[in-house]
Amino acid sequence: MWFFARDPVRDFPFELSPEPPEGSPPGPWALHRGRKKATGSAVSIFVYDVKPGAEEQTQVAKAAFKRLKTLRHPNILAYIDGLETEKCLHIVTEAVTPLGTYLKARAEAGGLKEQELSWGLHQIVKALSFLVNDCNLIHNNVCMAAVFVDRAGEWKLGGLDYMYSAQGNGGGPPSKGIPELEQYDPPELADNSSRAVREKWSADMWRLGCLIWEVFNGSLPRAAALRNPGKIPKSLVTHYCELVGANPKVRPNPARFLQNCRAPGGFMSNRFVETNLFLEEIQIKEPAEKQKFFQELSKSLDSFPEDFCRHKILPQLLTAFEFGNAGAVVLTPLFKVGKFLSAEEYQQKIIPVVVKMFSSTDRAMRIRLLQQMEQFIQYLDEPTVNTQIFPHVVHGFLDTNPAIREQTVKSMLLLAPKLNETNLNVELMKHFARLQAKDDQGPIRCNTTVCLGKIGSYLSASTRHRVLTSAFSRATKDPFAPSRVAGVLGFAATHNLYSMDDCAHKILPVLCGLTVDPEKSVRDQAFKTIRSFLSKLESVSEDPAQLAEVEKDVHAASSPGTGGAAASWAGWAVTGVSSLTSKLIRAHPTPLPSETTVPQRPVPEGNPAPAPAPDTLMTSGHWETQGEDKDTAEDSATGDRWDDEDWGSLEASHPEHKPLESDWNSWEAEGSWEQGWQESSSVEPPPEGTRLASEYNWGGAEPSDPFAALSGRPSTQPRPDPDSWGEDNWEGLEADSRQVKAELARKKREERRREMEAKRAEKKATKGPMKLGARKLD
């Protein structure tokens, strides 16, 4: 039986890159790129080839292998694995780049910032402090060739070949025999006598001074060049001179050197160093300290290096969320760092966290996610949105906090293009109908209308026909003036989705009623929109062949159109609920639509004028579009100008609104946008002698209406339609007549009034403890 010897190099779980070595620093080792065979993760591999007759150098390499394997410190090169054979030594470490190569590459890209250099030197000095103060070891090889940089820009101390014990165990310092390394030796080593008094760290601190000189000025030509600081910053010159002083006794301990440089105004006293130091100790920080740190972190990220943010800040943010209960404060810096990631990295690192955050019950977390959705929506695929995100987001429509309801409505602008048929045309429309009809906050009702106008092009043709006209008609009757403006602009933004028949019979009658609205901003927008619709109708009247072209989008499948333009997503009619308006809403809640009245038209001269509207935080100019000052251009407006409507200029806080005189029954239909449009007001009895409409034979084969031959208008009596939006009652209430619906609405108001009174009584009862059996006297 034959036995074959196994090749340890072939069985090694790491392999060298076919590329040539990254560099050949002075010393026995050659640095190669490598990767782990199982995962493909990048590593660095230091290779030493054993050569005959170089036993002393081999012993030095083996000693370095042993030292690196046993020393563990964040600022010392991290050992991963190793291989020792008769022919070679392999040391596998984290992926690093020699400092000289790194500085050269960064110089070509614009150079390192001073804060990056300060933190890099801080790490090297801290590593020296660990060796000399904690381990009683002298590095004996501090120079540019012994420093490496990882992918996060962190500096690591390596080159442990010539390390020896400060206590004299195992003999003195080993011989280097390499001129390039011996030039960093301090001058006192040339004095063979023992008269030179020095500390154990004196030689390494001299070499640290040489490293500082090289970092700022390039390669050190000779020791005499150390007398000229060159480009070393002024805040560091004083401490640098202490390092390269001729008297080894006055060279500071590494720990004291750090303390001096960290003093106020010192070279290492900056935000970047403070952030890194906090991250190193974040596991032992108090929760309040972590909260404050993450809140202030976003302000500093713009000035931090990109690699540092990706590879050091991001893992800490993810860890803080996953295990540290950091909550919503990590979202802002998390999304800011996410901008530095590629699409693939974003999918792997950020999206799983975002999806998990949406299931959180923390209100602060939910509202932060909704506010910053624009930063990550492009990385979410449609299955993830429909199955893992939208089901959680829709709970915000029912939240008792107005700010969350408002942000939920706004988020639909970003989610709508990714929603499936059911979520968009059924679930979302159901919530929008309830918000527009029943929400007690005027700004939210207004924003619901604005959102519907912007996502209208994504709806299916049947949903558009059933919803849009009814929804915008209802908005024009809202007691909140900005909502009426939003309703008018909703018609404008979706002008291409209506047939000419709907424009003439449904939309223009609604808009004409707004020409006498108490608010001038509403009247101005109504006149402007009417002129544009009339221009559109007139063009078709002049050339009927244009009808097919004008109505091409009416029955078209859902597609991004003018209402879904990404450029308009940032504009909002009302933005007050999230900020100052939230206070006003709590202090002066808007009346419910079902409990308010229709705005009164201006009374004729001679009659008493209505009471003036209360002062509000907004001016009428807030609700006017940018083009209203050009009357001539408005008169010549055509249908092509709908896209120019400035939805974003509708910025208003929540004004106070007093209930007006007349009854507002059309808001009572629950979940029915069509109801408010279809209900007609009571008609005064006609003058004596007038022929009633019922006297005509409207139902005969040949109607007796003298205008029947001239008008193609359908009957004004609404016909029941099983697909009608108006008869689709989201609350489960179905009525066959207006009287039944009015009665149901009245009962519902009474029930709500009793519920509110019961809640108020319950709150009063809980204010103070009452004894069992005691009765509260009136």
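Student: Which residues of H20 are buried?

Tutor: They are Thr463, Arg464, Arg466, Val467, Leu468, Thr469, Ser470, Ala471, Phe472, Ser473, Arg474 and Ala475. Buried means under 20% relative accessible area, with exposed over 50% and partly exposed in between (1.4 Å probe, protein chains only). This is a predicted model, where local features need pLDDT of at least 70, side-chain atom pairs count only at pLDDT 80 or more, and totals for chains, interfaces and linings use all residues. Residues are numbered from 1 along each chain as its sequence is written, and side-chain values use heavy atoms, leaving out hydrogens and water.

Student: Where is the kink in H20 centred?

Tutor: On valine 467, with a kink of about 30 degrees. That bend is the angle between axes fitted to the seven residues ending there and the seven starting there.

Student: New topic: how do the axes of H17 and H19 cross?

Tutor: At roughly 10 degrees, coming within 9 Å.

Student: Which residues in H17 meet H19?

Tutor: Pro402, Arg405, Glu406, Val409, Lys410, Met412 and Leu413. Contact here means heavy atoms within 4.5 Å.

Student: And H7 with H8, parallel or antiparallel?

Tutor: Roughly antiparallel, since their axes cross at roughly 165 degrees. In H7 the contact is made by Leu236, His239, Glu242 and Leu243, and in H8 by Phe257, Asn260 and Cys261.

Methods: Helices (H or I, at least four residues) and strands (E, at least two) are DSSP runs, numbered from the N terminus. Axes are lines fitted to C-alpha atoms, for helices over the stretch in contact, and angles run from 0 to 180 degrees between N-to-C directions. Angles under 35 degrees count as roughly parallel, over 145 as roughly antiparallel, 65 to 115 as roughly perpendicular and the rest as oblique.
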